[in-house]
Amino acid sequence: METLNPQATIHRLTQRLKMRHLVLLLRIQQHGSLTRVADFMATSQPAVTKALAELEAMFGAPLFDRSSRGMTPTALGRVALKRAEAMLHDLDHLARDMQAVASGHHAHLNVGVTPFLSGSILGSAVRNAVSDPLEPLMLTLHEGSSEYLLQRLRDHSLDVAICRASAAVDIEGLAFEVLLHQQPRLLASRRLAAQLARRQLSWPALRDLQWILGTEGTSVRQQVSNIFLQEGITPPLPVVESDSTMIVGDILVANENAISIMPSDIAAELVRIAGVAIVPYTFYWTLPPIALYTRLEDPQREAGTRFAQALRKAFPGGHQREAGHGR
């Protein structure tokens, strides 16, 4: 690829780049063929070919390699695709901000949340954010695994993410603030919990119970596997996988041979709401902490700052938090 003149490229892009070009980039990546893109966009292949040629002329270099197997992005194309996706998400955020302001709110935020977070804590944070008497926010909450949420934070689908902080999480380009440390608790039906409390805990015996765990890759699931491996026992295969804490609680109540491990704050809620019981056992490890993630590359949005303040008030432990970032 020939050396690009940055100033000339900037001038071409600012003068000629349109949103339809960004959409075209993503459609080519999605379908891998100009013919399929034309069919999807209900236009002709020559029109799509011409639009791509215009786009590559603006960048001064090819954005896709063509082969019999389809079209794959070049190194420059991958950069352009990443920015195109972020710009289109930002445009969607702008439209939602406009709707929020028109309805009397300060702004709209897309917030990613791990499912293993106390509903009372999240509910308190949301109440603080949407009930601010001066500048109330509108929120859209998205639930998912830490990996999924941070990926969506990077592509600008999300404004902030509340999820796990651990060595396994890629934090490149992100800032984070630790909000909560969670202790694990062993959960079962009241009857089974009472039986287990009357005898010394035996991991070989526990393995034969019906385990209800989060989906593969979640922190609790990994820790359960580690416990059994440290005892020289093959980890159990869960009979049910679910990231819904309420579903886990309901299954435990209905099945007197089922058992699970949950964060302590979630466990306390399920005891109160679902009627499960905590087995009296102390784990000598903690789960990766819950943290608030934002993008380093973005200027600090006032709405994001206000939500972070509402979030800090909802979490136990005051305002002093551990912060860090990935470069």
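**Notes on the predicted model**

1. Let's start with a residue at the surface. Ala42 is exposed, with a relative accessible area of 71%. Ala42 belongs to the loop that runs between helix 3 (34-40) and helix 4 (45-59). Its backbone deserves a look too: Ala42 is not a glycine, yet its phi is positive, at about 55 degrees. Please keep in mind throughout that this is a predicted model.

2. As background, most residues other than glycine have a negative phi. The setting of His156 is the loop between helix 7 (146-154) and strand 5 (160-164). Is His156 buried or exposed? His156 has a relative accessible area of 6%, so this residue counts as buried. Ala42, by contrast, is exposed.

3. Now for the overall picture. The chain has 13 helices and 13 strands. Along the principal axes, its C-alpha atoms fill a box of roughly 75 × 55 × 35 Å. The chain has 327 residues, and 46% of them count as buried. If you take the contacts between residues at least 6 apart in sequence, 75% of them join residues at least 24 apart.

4. A word on surface and charge. The charged side chains comprise 32 positive and 31 negative ones. The centres of these two sets lie 1 Å apart.

5. Which element gives the patch its largest share? That is helix 5 (residues 75-102), which contributes three residues. Leu91 is in helix 5, and its relative accessibility of 38% puts it in the partly exposed class.

6. On to the salt bridges, of which there are seven. In one of them, the side chains of Asp132 and Arg306 meet at 2.5 Å, N to O. This pair connects distant parts of the chain, 174 residues apart: Asp132 is in the loop between helix 6 (119-130) and strand 4 (137-143), while Arg306 is in helix 13 (residues 302-314). Arg306 is partly exposed, at 22% relative accessibility.

7. Helix 13 comes up again in another pair. Arg312 and Glu177 form a salt bridge through their side chains, at 2.8 Å from N to O. Because Arg312 lies in helix 13 and Glu177 in strand 6 (residues 174-180), the bridge ties together parts that are 135 residues apart in sequence. The two partners fall in separate accessibility classes: Arg312 is partly exposed at 22%, whereas Glu177 is buried at 13%.

8. A further bridge joins the side chains of Glu256 and Arg191, at 3.0 Å from N to O. Glu256 sits in the loop between helix 11 (245-254) and strand 10 (258-263), and Arg191 sits in helix 8 (residues 190-197), so this pair ties together parts that are 65 residues apart in sequence. Glu256 is partly exposed, with a relative accessible area of 37%, and Arg191 is partly exposed at 48%. There is also a network: salt bridges with shared partners join Asp132, Glu135 and Arg306.

9. Helix 13 also holds Leu311. How accessible is Leu311, buried or exposed? Leu311 counts as buried, because its relative accessibility is 0%. Leaving aside residues up to four places away in sequence, Leu311 touches Ala125, Ile162, Leu179 and Leu292. Between Leu311 and Ala291 there are 11 Å from C-alpha to C-alpha, with 20 residues of separation in sequence.

10. Ser202 has a relative accessible area of 30%, so it counts as partly exposed. Ser202 and Ser166 are 36 residues apart along the chain, and 29 Å separates their C-alpha atoms.

Key: Residues are numbered from 1 along each chain as its sequence is written. This is a predicted model: local features need pLDDT of at least 70, side-chain atom pairs count only at pLDDT 80 or more; totals for chains, interfaces and linings use all residues. Side-chain values use heavy atoms; hydrogens and water are left out. Helices (H or I, at least four residues) and strands (E, at least two) are DSSP runs, numbered from the N terminus. Buried means under 20% relative accessible area, exposed over 50%, partly exposed in between (1.4 Å probe, protein chains only). Contact means heavy atoms within 4.5 Å. Lys and Arg count as positive and Asp and Glu as negative; His and the chain ends are not counted. The place of a charge is taken as NZ of Lys, CZ of Arg, CG of Asp or CD of Glu. A salt bridge is a side-chain nitrogen of Lys or Arg within 4 Å of a carboxyl oxygen of Asp or Glu.
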